[in-house]
Amino acid sequence: MDGQQGVDLGTIVIFGTMGMIILAMGVIVFFFIYQQRMVAKQNELAIQELEHQKSLIHAVIQTREIEQRRIALELHDDVGSTLTAIKFSVPQLTISAEEKEQLSTNLNNAIQKVRRISNDLLPSILEELGLQTAVRNLIKNLNENTSIEFSAEFGGEERRQPKEVELAYYRVLQELLNNILKYAEATKVEIVLASEPLSLHMVVSDNGKGFVPSDHTERERPSLGLRNMESRIQQIHGNMRYEKLPAAGTKVTVVWKK
Ligand SMILES: Nc1ncnc2c1ncn2[C@@H]1O[C@H](COP(=O)(O)OP(=O)(O)OP(=O)(O)O)[C@@H](O)[C@H]1O
Ligand SMILES: [Mg+2]
């Protein structure tokens, strides 16, 4: 009877211990799986948040492009043609020849400025004649209006690429050149554009102080330029890379493949 009781007690202790071990292991496995699920959920939320931010930036860029087009057309068609009409009415004015000349010069300047601003906002030349001609035109304007020496080299044939790709490249180039003018302290800027049947390469290098985006922390000052460029290139599934040049300056490479 005692032996029977001893066996029963021993069995109870063994089974009890095993039960507790299994329970403890179950709890550990449960927490492990739970934690993994939580991490996966958090990652999923972070990805969703990033996607949401990207689509917001895309929407802002799209809206800005539409608004710029509207302002450019109004400037060109409304303000530009009004100024041209005034210019043609100058000869009929009863003022001295000297005053007429002064007025004509001022009007010509204003017409030029309106044309330049509307072209910056909506590069019609880009839509009509393509990226290569638009880049030539941009470089010509910059060489006439700044003290930096801009040059451009074109590889491949002068072929058209999809409209959205040409627009993204042109806007990115405008922002890169604007940033160089504002911050790089460069004296020379070189642009190389190579349009191949299945790809478009652009390299913009300057001899300034050298910059890569990680040099800039968002806390310094809110800015949109770098983010917009990245977003535009993402939208066309391209790639953009910044490098500091060994001697001096920055090289930015943009690649798009069909
Ligand atoms: N080529 C460059 N050389 C040196 N610093 C640069 C260059 N490009 C950008 N930066 C630095 O990176 C920062 C962010 O550039 P970003 O184009 O986003 O902003 P921004 O030009 O100041 O303003 P925004 O483009 O929104 O009008 C700049 O404020 C500047 O400090
Ligand atoms: Mg900028």
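User: How many bridges join strand β3 to β5, and which way do they run?
Analyst: Seven bridges join β3 (residues 199-206) to β5, and the two strands run antiparallel. Strands pair if DSSP finds at least two bridges between them. Strands (E, at least two residues) and helices (H or I, at least four) are DSSP runs, numbered from the N terminus.

User: Which residue of β5 is the bridge partner of V203?
Analyst: T253 is the partner of V203.

User: What about β4 and β5: how many bridges there?
Analyst: Six bridges join β4 (residues 239-244) to β5, again antiparallel. One pair is K244 with T250 in β5. The β4-β5 hairpin has five residues between the strands, and G249 takes a positive phi near 100 degrees there.

User: Is β5 mostly covered or uncovered?
Analyst: Mostly covered. Strand β5 spans residues 250-257, and six of its eight residues are buried. Buried means under 20% relative accessible area, exposed over 50%, partly exposed in between (1.4 Å probe, protein chains only).

User: How far can I trust this?
Analyst: This is a predicted model: local features need pLDDT of at least 70, side-chain atom pairs count only at pLDDT 80 or more, and totals for chains, interfaces and linings use all residues. Residues are numbered from 1 along each chain as written, chains are lettered from A and ligands numbered from 1 in the order written, and side-chain values use heavy atoms, without hydrogens and water. The protein chain averages a pLDDT (the predictor's confidence in each residue, from 0 to 100) of 90, and 95% of the residues score at least 70.

User: New topic. Which residues are the protein donors of the magnesium ion?
Analyst: E175 (OE) and N179 (OD1), at 2.0 to 2.2 Å from ligand 2. Donors are N, O and S atoms within 2.8 Å of the metal (3.2 Å for Na, K and Ca); water is not among the atoms, so sites may look incomplete.

User: Where do those two sit?
Analyst: Both lie in helix α5 (residues 163-184), four residues apart, about one turn of the helix. N179 is buried, with a relative accessible area of 17%.

User: What domains is the protein chain divided into?
Analyst: Domain 1 is 1-122 and domain 2 is 123-258. The bounds come from an automatic or database domain assignment. Their C-alpha centres lie 21 Å apart.
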